[in-house]
4 protein chains.
Amino acid sequence: MKQIRLGMVGGGNDAFIGGVHRIASRIDGHFALVAGALSSTPEKSTASGQALGLDPDRCYGSFEQMAEAEAGRADGIQAVSIVTPNHVHAAAAEAFLKRGIHVICDKPLTSTMEDAARLEKAVAQADALFVLTHNYTGYPMIRQAQAMVAAGELGKIRVVQVEYPQDWLTGTPEKDGVKQAEWRTDPARSGAGGSVGDIGTHAHNLACFVTGLEVEELAADLQCFGAGRSLDDNAHMMLRFRGGARGMLWSSQVAPGNENGLRLRVYGETGGLEWAQEDPNYLWHTPFGAPKRLITRNGAGAVDASTAVSRIPGGHPEGYLEGFANIYTEAAQAIRDWTPGGDKAPGHLPGIAAGMAGMRFIDACVRSSKDNAAWVRL
Amino acid sequence: MKQIRLGMVGGGNDAFIGGVHRIASRIDGHFALVAGALSSTPEKSTASGQALGLDPDRCYGSFEQMAEAEAGRADGIQAVSIVTPNHVHAAAAEAFLKRGIHVICDKPLTSTMEDAARLEKAVAQADALFVLTHNYTGYPMIRQAQAMVAAGELGKIRVVQVEYPQDWLTGTPEKDGVKQAEWRTDPARSGAGGSVGDIGTHAHNLACFVTGLEVEELAADLQCFGAGRSLDDNAHMMLRFRGGARGMLWSSQVAPGNENGLRLRVYGETGGLEWAQEDPNYLWHTPFGAPKRLITRNGAGAVDASTAVSRIPGGHPEGYLEGFANIYTEAAQAIRDWTPGGDKAPGHLPGIAAGMAGMRFIDACVRSSKDNAAWVRL
Amino acid sequence: MKQIRLGMVGGGNDAFIGGVHRIASRIDGHFALVAGALSSTPEKSTASGQALGLDPDRCYGSFEQMAEAEAGRADGIQAVSIVTPNHVHAAAAEAFLKRGIHVICDKPLTSTMEDAARLEKAVAQADALFVLTHNYTGYPMIRQAQAMVAAGELGKIRVVQVEYPQDWLTGTPEKDGVKQAEWRTDPARSGAGGSVGDIGTHAHNLACFVTGLEVEELAADLQCFGAGRSLDDNAHMMLRFRGGARGMLWSSQVAPGNENGLRLRVYGETGGLEWAQEDPNYLWHTPFGAPKRLITRNGAGAVDASTAVSRIPGGHPEGYLEGFANIYTEAAQAIRDWTPGGDKAPGHLPGIAAGMAGMRFIDACVRSSKDNAAWVRL
Amino acid sequence: MKQIRLGMVGGGNDAFIGGVHRIASRIDGHFALVAGALSSTPEKSTASGQALGLDPDRCYGSFEQMAEAEAGRADGIQAVSIVTPNHVHAAAAEAFLKRGIHVICDKPLTSTMEDAARLEKAVAQADALFVLTHNYTGYPMIRQAQAMVAAGELGKIRVVQVEYPQDWLTGTPEKDGVKQAEWRTDPARSGAGGSVGDIGTHAHNLACFVTGLEVEELAADLQCFGAGRSLDDNAHMMLRFRGGARGMLWSSQVAPGNENGLRLRVYGETGGLEWAQEDPNYLWHTPFGAPKRLITRNGAGAVDASTAVSRIPGGHPEGYLEGFANIYTEAAQAIRDWTPGGDKAPGHLPGIAAGMAGMRFIDACVRSSKDNAAWVRL
């Protein structure tokens, strides 16, 4: 099977998430990175690209140049990964989509609702796929959880508890030149949401993905604890799902002792599930009235939904990169299966709809909090 | 040292919490149970009392009889434990307090705000101590946590996460003759709060005890998931503490896989703490920027506040009963130290103030939820 | 029900295990401590006794005095707890047994094989019960494990892994005046075994209790890591059980990070069990081919064997003291049921047989190790 | 940087470890798989190769053909991965080594001591590198542990506990056509060791790698529990290290509830370390006298030795494949740095010496067990 030719926008030397996307694209061997507009200046972009072994001719100074040039090559890229700060997502995605190049975009969708609306239209009109890397949905045990809920193993869902605490903004690293902290605490680059945009969207997406439910309204209380910070670094909210389930969501970047503590708990009329991202190969299932069971990736009790996206036997831990790679591998499948005019988000792939849901979530959080945590409908 | 003569109201054959109080009173040997009005009828009360080895003459048909008779004996009880359903607490406590008999009362304080107000006055006027068994504050590692927060080891507190999930009301055991479920789901006996009264008060109390903070206002969304149930069996709320800290509280009796999942997490400007009731000998402490540390009861890192209420070496687990016994033992000390007109709630002992705070908490939860989770000041 | 009148030998002010026995005897209310020879001198003994509220007349200077005096009282003790260093066990036990006073003795049985043999005869000839406090067998989840193995839930047992690491002798506290360390590292008071006598016997006993198997032979490699220490502080051994199962046993007092890490794992043809003393309310069960299940004390999956010795609901942790109290409570039952000439070790109670097995275990360890870890039959 | 051209021997459709090697070689992008002799017949080999996208001309029917053909190409492979059953390792490795093609070989080294000795000579004479994939040494927290021991953070090492339990041979899958089980239970293909060869070697290697110690002698008791099985499926052994440390090692394939339970614990005069392969991002460190600390990959407390082989931030779990990839990436570095006549196993890379140590370990286990677990020197 031939590899898909991939380009990348963003992900230069200092970035974290660009490297993640590159590894994720390599793990199952479906993509070959051949072009990039990796940094904000031509010089840096070329330097970063050459460090990755890219042909200097295909290291571009801007995504516009790259889109145009690659669209004109017979061996041009078939897909592009967009891994810039949020405020660049929309314009970059549009540049490639309109040229029929598939887009794999990091989340959240954009930094503003206006950009999101424009991008939504662009996706609708494009002759190409748009995939949003809500990577946590790629974890096998999350697929298992989704399948178990869908199969009715928990009964009707009553309560959803989801949280995503981190601690890296406990101090104020944005004042010390930490680039990740600078743009993530800057409304101009991140958008209106701080923790809710960066990680709250993951929590929201995961809760909805696993339960199949949609948030109908939420009441959010957002805080900025870091001195001089203008975006929330901690957020508390109550959720009401369509159909009657209720939930809570906590996102935080100021909770010492939490590295990347995304955690989901779902309770229904006949059972409960618990999952934690830092120990992703385990899913705890309690059928009410029976002992708690530990279901492991590719272990006893694992269903097709999880084994299909697992590579190695139980007890041999897969991690964050493999979960991320599952999104890339399913994107590769979708790209190969794609025919102009076809379904643009087949299977489990998160796409523009998930992206818009995330934007509405951020917007609702911010509006609710400004209104003293009044309920806001999504 | 002579044992304190103890009576008990409630706690007959079917009860759970009465047995707990009896063991707790025995563990350190400070009390001798010598009288009881254990059940709601004279026959049952006598049967229950004799099963416990009480003198039949001191098995009473009602708490009024008991208060009067014991007050008239030279060897009458010096203290009484009240372990009835909530709606009996106030009248029973008053009967003993006005006769100068110390009261050790289960929580929540009463079933109505009116009763609470009346009891508050009775305590103020009494020549006796009033202790409320917020037993979870008796755990050594909770004392350790309190001491560490007070010593500034976390810096200024920013975020408090507290939860108390259980699963025993996932079905509707109150329809199947389970007495514990019957009265706890009955507003006439429990009061206006379901899960918030039964366990939410523990969570609220524990968060305040450890952090030394008070809830200024809360926004609560209460639910009744059990068919035909009129009291909340699940509650979500956001908390705002005086001084700027924020929190979330979740109480549930319908979360399968949670037996008695009281859990507290506190995050400050320089560190975090985590504690879970089901594994009570462990306290996790993260000084921000350093590895997480596991502080164990009577182990390295334990401070006087926790070792003073520990009995046996680290690695030899103490449990729920020993934590409860710490309240009894401190009550014994207070009773022995007590002189008429003295301080009525010395040291760590929860008393009428904690009881009133709990009642205001329940009331605020119910009022907030009825008003679509509007903020209510406590 | 009337309380059983109890005396105590050893357990004065500085001792650890005496206090444990006293609490254990009180938890369920079956015993009243009324007499003691608590320390090695009359003065200390009286001081310790009075601190416990004993009648000064019943604080004795030696166990001989106590045995004689109490046997002569109409209200004399019915049972005695022996909680001295090991070398005193035999003589003390004999003094009471020959007077028809039941003995509850700490382990190991004695400090020498000669003493053990003499005591075995004394027990055989006595008109009284002899109970050895192998307290870890009192844990509910150990009872559960035993019942599950007996019911064939694991199939034929193949492999037994048992370990008991501690770290308190990592340094040389015996040189710093720590009394617990002094006598436990002194062959004259402890006997020939160091870690194998103090804790290895617990591990051996527990493995046999749960599996119902007997060790046929063992090969042991004992070490003294502490400078100047003459008894083993770390021991490795391989076990061969009658019937074909094989095992390993590790005991250590020099393993930093282990407080009291007794842990048992049992594997059979169709399933496995895991239990750890520091988290005693949990039992992990894997039916081969199915997910691991977490069985909790008084939770779903708990069988009569464990619920019968539990006091409070699942999720309310019981601990070391409650497990120890189960031995006392069963001893009370046995004492009440006892008739001269009757069965001396009914039910689950460990007695002289378990004590002799433990002595043979220690002896085999020491002999094997001296012979370069050659196999020694028990 | 140009990718290294890689071939593979073994690893056809049904194999597990071949796929692992391929992913590991891709994760950091240093290798391109361009040729293979993947299966035992030309037809299967070609089918497997084409499924992987190999040029049909470079899918060979045997490793001999492949070695000869690739050595003759200008664009021939620079390195080869050998992932066959053990009995093929030696001959395959020799075929490539003698042609100056670097070899990356799965463990154990060979199936017989004779083959091992021959291969050792071949490696010594070759103008190429020989790397043995003791992949568990690639885990970042294992590197951290090694560095901490080397830095003296535990003091002099006293006790090493290492175990590697699995459960996949609890039944007899080798009778049901499970290929992995067939060859691993067949002495002709696996060699003299069953569990000791397949996983015991990993445990032995890991213990030595982390502690820097060598096993001087061992006493092993090997068992075959599976009906009709001729190789050990469970092994118990005691270890004596040069310099005075002592240890135990357990390997098992018949321990239900253990998927891939490699676990190492190391105790020294001043501290202890614990690590478990199934939760590989955590390292527990106890400085004696202080609380246990949880050191996480790329978290606070992580040293250069571990961060240098980590890709993503703490809390984003890396797993088995990334640990394996570290071996490949270090092999790539070594290949690029290699000059004829240079050092053949630079840095942390396990090579022929580790392979020979593993073979002596297997041989010692088997000989000791045949001699009733007598001590055998390595």
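Reader: How many residues does the contact take from chain A, and how many from chain B?

Author: This is a predicted model, in which local features need pLDDT of at least 70 and side-chain atom pairs count only at pLDDT 80 or more, while totals for chains, interfaces and linings use all residues. Residues are numbered from 1 along each chain as its sequence is written, chains are lettered from A and ligands numbered from 1 in the order in which they are written, and side-chain values use heavy atoms, with hydrogens and water left out. Contact means heavy atoms within 4.5 Å. By that criterion, chain A contributes 42 residues and chain B contributes 42 residues.

Reader: Which three residues supply more of the area that chain A buries against chain B than any other three?

Author: The size of an interface is often given as the accessible area lost when the parts come together; here buried area is that loss for two parts, taken with a 1.4 Å probe and summed over both. Chain A and chain B bury about 3500 Å² between them, with 58% of it on carbon and sulfur atoms. On the side of chain A, 18% of the buried area comes from the trio that exceeds any other three residues: Arg158(A), Met238(A) and Pro256(A).

Reader: Which strands of chain A each supply at least two residues of the side that touches chain B?

Author: Six salt bridges (a side-chain nitrogen of Lys or Arg within 4 Å of a carboxyl oxygen of Asp or Glu) are counted between chain A and chain B, and one of them joins Arg240(A) to Asp221(B) at 2.8 Å, N to O. There are also 22 residue pairs in polar contact, both at pLDDT 80 or more; such a contact is a pair of N or O atoms within 3.5 Å, where within protein one must be able to donate a hydrogen and the other to accept it, and residues adjacent in sequence count only if both atoms are side-chain atoms. Helices (H or I, at least four residues) and strands (E, at least two) are DSSP runs numbered from the N terminus. The strands of chain A in question are S6 (157-165), S7 (215-223), S8 (234-241), S9 (246-252), S10 (263-268) and S11 (271-276).

Reader: Which three residues supply 56% of the area that chain C buries against chain A?

Author: Ten residues of chain C are in contact with ten residues of chain A. The area buried between these chains is about 720 Å², and carbon and sulfur atoms give 73% of it. The 56% supplied from chain C, more than any other three residues give, comes from Pro291(C), Leu294(C) and Ala300(C).

Reader: Which strand of chain C gives the most to the side that touches chain A?

Author: Between chain C and chain A there are zero salt bridges. Two residue pairs are in polar contact across this interface, both at pLDDT 80 or more. With four residues, the strand that gives the most to this side of chain C is S13 (residues 292-296).

Reader: Which residues touch the most other members of the largest nonpolar core?

Author: A nonpolar core is a set of buried Ala, Val, Leu, Ile, Met, Phe, Trp, Tyr and Cys residues joined through side-chain atoms within 4.5 Å; buried means under 20% relative accessible area, exposed over 50%, and partly exposed in between (1.4 Å probe, protein chains only). Of the 213 residues in the largest such core, those touching the most other members are Phe96(B), Phe130(B), Phe96(C) and Phe130(C).

Reader: Is Ala373(A) buried or exposed?

Author: Ala373(A) has a phi near 65 degrees, a positive value in a residue other than glycine. Ala373(A) lies in the loop between helix H12 (352-370) and strand S14 (376-377) of chain A. At 6% relative accessibility, Ala373(A) counts as buried.
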